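Have the model open in your viewer and your selection tool ready. We will go from stop to stop, with a note on what to pick at each one.

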Amino acid sequence: MPTWITWAAPRSSASAPRIQVLAAGVPASLYGPELYARLGIDAGGAPVPDLLIDALPHPGYDPRTHRVDPLPVTRTLLDGDTLAVGGRTLTVLHLPGHTPGCIALYEERTGALYTGDVLYDGELIDDLPESDPPAYRRSLARLERLVDLGVRVVLPGHGRPFGPDRLRDLAGAYARRPC
């Protein structure tokens, strides 16, 4: 069975509802207006594409059948935990801000930092219902300090990989944003 790393946070009674959501399945749709409605997202007047993909994965694919299956929650990941995955040892970094359970995974041996939604080369999103901009600032400052400990490449959840200098630029730009 594949390992899926989806969400992590300190163990608390607050994390129980999120675990139940993962176990039940995540609301999904490839249709912009439907997905925004399911997730309670306000587009703020920005255009929402009717279909969120621009090509079908195979002939005959029906976007109405898209779903995200429930995932069995087998373990709560905590800050500092290590995971052995495919011959790699990854350290869990709990980095709240974008959402309370955001994590990054750091492979010290190679200097690879897998940042998911925490950091990517673009405008960082901190206005979701569960976002916490002050926590996001602290998390990005923590990532910035990792550069001095050997981060060589950042592998974000969106976009192309980038180096440590760009990590510093992005984290610094966010820190300079008005609160």
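Start by selecting Arg88, Glu107 and Arg109: salt bridges link these residues in a network. A salt bridge here is a side-chain nitrogen of Lys or Arg within 4 Å of a carboxyl oxygen of Asp or Glu. Between Arg109 and Glu107, the closest N and O atoms are 3.0 Å apart. Arg109 is exposed at 60% relative accessible area, while Glu107 is buried at 1% (buried means under 20%, exposed over 50%, partly exposed in between, with a 1.4 Å probe and protein chains only).

A word on what you are viewing: this is a predicted model, where local features need pLDDT of at least 70, side-chain atom pairs count only at pLDDT 80 or more, and totals for chains, interfaces and linings use all residues. Residues are numbered from 1 along each chain as its sequence is written, and side-chain values use heavy atoms, leaving out hydrogens and water.

Next, pick Arg166 and Asp121, whose side chains meet in a salt bridge at 2.6 Å, N to O. Arg166 sits in helix α4 (residues 164-176) and Asp121 in the loop between β4 and α3, 45 residues apart. (Helices are DSSP runs of H or I with at least four residues, strands are runs of E with at least two, and both are numbered from the N terminus.)
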